[in-house]
Amino acid sequence: MSATPSNQSFGMIGLGTMGRNLLLNLADHDFAVAGYDKDAAKVGLLAEEGDGKPVQGFSELNAFVGSLQSPRAVMLLVPAGKIVDSVIDELRPLLAPGDIIIDGGNSHFTDTERRAKALEAEGFHFFGMGVSGGEEGARFGPSMMPGGDKQAYQVVQPMFSAIAAQVDGEPCVTYIGPGAAGHFVKMVHNGIEYGLMQLIAETYAVLKTGLGLDNAAIGQVFTKWNEGRLQSFLLDITKDIFGYIAPNTDHALLDDIKDEARSKGTGKWTSQVAMDLETSIPTIDTAVTMRDLSKYKALREQLAGLYGPVAGALPVEKEAFLAQLEQAFYFSMAITYAQGMQLLGKASKDYGYDLQLAEIAKIWRGGCIIRSGFLTQIYNAFQQAPDLAHLLLDGQVQQLVNEAVPGSRAVVAAAVTAGIAVPAYAASLSYFDTFRTARMPSNLIQAQRDFFGAHTYEIIGKEGVFHTQWAPELEDAANKMDVTVGEEKKEEKPVIPNK
């Protein structure tokens, strides 16, 4: 590690796990870098791990900024929210117009839009970049999703391409789009992550409660799946979790972990913006809801005592059912990705992001948490048809889904009958069945809305909107009542007459 400041090509504010490992990754690729943190212990850890590498650590902001060559490129890896604004406020007086600020945290995309406009007005370049891959990814190759100021990204692009995960000789980083596109795509990535994790958790419940498998046997199921078409990072770590024995015990650490799932908000944000964009992502929504429900541990235990155990063993032949379960997981995984990709497509149009969905799928194939073999199918689908309205329209995906859906039906039916909760599996199946329904029962909802609120409806094959007095006897009674204010007589009138 360098003893004195020099002209470093890149700076990092925030030397936690992600920030420190990204800096070390850059140094491994011969980039001279600097890191800053108020916590002297984190600066010391960087010095220890970066010994012999072109890395310089600082606990004083002025010295850190002074060590960077112009135009300065400074990346922030600090918790999302007010802390990002606070760090930018501290940094801004020390920078010069033309310098680059990169927010590499999980900031909400609307905050990124606001910060970009404010910093651009002062002559700074700014862009938000989603980074996925956790500690290992940061150190040895993450997937990165930069969006916003393209000119600024091009300055640091050689560095990011060098440190990104590589798949088929290509880096898992690409310019995503203008504005907050990078952080938006990372948010949806995390929403898909929520859905996949919930599906794995429900699979665990089916294997443990429904089939009575022990941890070793469950680990073997996930190991086998990960060696086939379900190969993914999440299944890979899951098989390892089932094999990890708690220190000084003879049982899996998993059995000691409290069943309350935490979150940092990105899944919730995904659900919220999907509703704003009127795009349906029920598997992801369910995953968010189940994390929330898990937090009511005491209430769940109380209700379990009042209502008794509901879950029981599945009356099935184990090997045949495991084959159906593999189909069900494959089907639900495909549906989860499809929901996320449609949300990205809708946001691209509504927010002007011009997202290239094939490129997004391509950079997700390595480094990131949701990397899986199925992303190659997604990449191929959007590569062949960039304007594909929905992943389920792709011919190859259609074939794969049709082959897997019988297993989904069998698993959901068996689990529900036995009282084993599989809400994400059920949401995926209902989403599919609804989306392939040419005529939904939503016409009844429109009739109800018109009945109680005169909200109008449309008629098949006719232009215009219509309103009906659904209960003429009530209208007649209302018309006979005089409501007088001073000398005026007011009567209820239909909003739009019948046609």
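Student: What span should the 13 residues of helix 12 have?

Tutor: The expected span of a helix is 1.5 Å times one less than its number of residues. In this predicted model, helix 12 covers residues 282–294, so its 13 residues should span 18 Å. The end C-alpha atoms of helix 12 are 18 Å apart, which agrees with that expectation.

Student: Which residues of helix 12 are buried?

Tutor: A residue counts as buried when its relative accessible area is under 20%. In helix 12 this applies to Thr 283, Ile 284, Asp 285, Thr 286, Ala 287, Val 288, Arg 291 and Ser 294.

Student: What covers the buried residues of helix 12?

Tutor: The cover includes helix 8, helix 11, helix 13 (297–307), helix 14 and helix 18 (423–435).

Student: Let us turn to helix 11. Is Thr 270 buried or exposed?

Tutor: Thr 270 has its place in helix 11. Its relative accessibility is 0%, and therefore Thr 270 counts as buried.

Student: Which residues does Thr 270 touch?

Tutor: Contact means heavy atoms within 4.5 Å. Leaving aside residues up to four places away in sequence, Thr 270 touches Met 187, Val 188, Gly 191, Ile 281, Ile 284 and Leu 343. One of these, Ile 284, is also among the buried residues of helix 12.

Student: How many cavities of 30 Å³ or more does the structure hold?

Tutor: A cavity is a space where a probe fits but cannot get out. The structure holds two cavities of 30 Å³ or more.

Student: Which residues line the largest cavity?

Tutor: The lining consists of Leu 196, Ile 200, Ser 232, Leu 234, Phe 329, Met 333, Tyr 337, Ile 369, Ile 370, Arg 371 and Ser 372. By class, eight are nonpolar, two polar and one charged. Helix 8 (181–210) and helix 14 (318–351) each supply at least two of the lining residues; helix 14 gives the most, with three.

Student: Which residues line the second largest cavity?

Tutor: Asn 106, Ser 107, His 183, Lys 186, Met 187, Thr 266 and Trp 269 line the second largest cavity. Here the classes are two nonpolar, four polar and one charged. Helix 8 and helix 11 (266–276) each supply at least two residues of this lining, and helix 8 gives the most, with three. Met 187, one of the lining residues, is also touched by Thr 270.

Definitions and conventions
Residues are numbered from 1 along each chain as its sequence is written. This is a predicted model: local features need pLDDT of at least 70, side-chain atom pairs count only at pLDDT 80 or more; totals for chains, interfaces and linings use all residues. Side-chain values use heavy atoms; hydrogens and water are left out. On a 1 Å grid over the protein atoms alone, a cavity is a set of points where a 1.4 Å probe fits but cannot get out, and a pocket is an open set with protein on both sides within 12 Å along at least five of seven lines; lining residues have an atom within 4 Å of a point. Grid points are joined across faces, edges and corners, and a volume is the space filled by probe spheres set on the points. Helices (H or I, at least four residues) and strands (E, at least two) are DSSP runs, numbered from the N terminus. Ala, Val, Leu, Ile, Met, Phe, Trp, Tyr, Cys and Pro count as nonpolar, Asp, Glu, Lys and Arg as charged, and the others, Gly among them, as polar. Buried means under 20% relative accessible area, exposed over 50%, partly exposed in between (1.4 Å probe, protein chains only).
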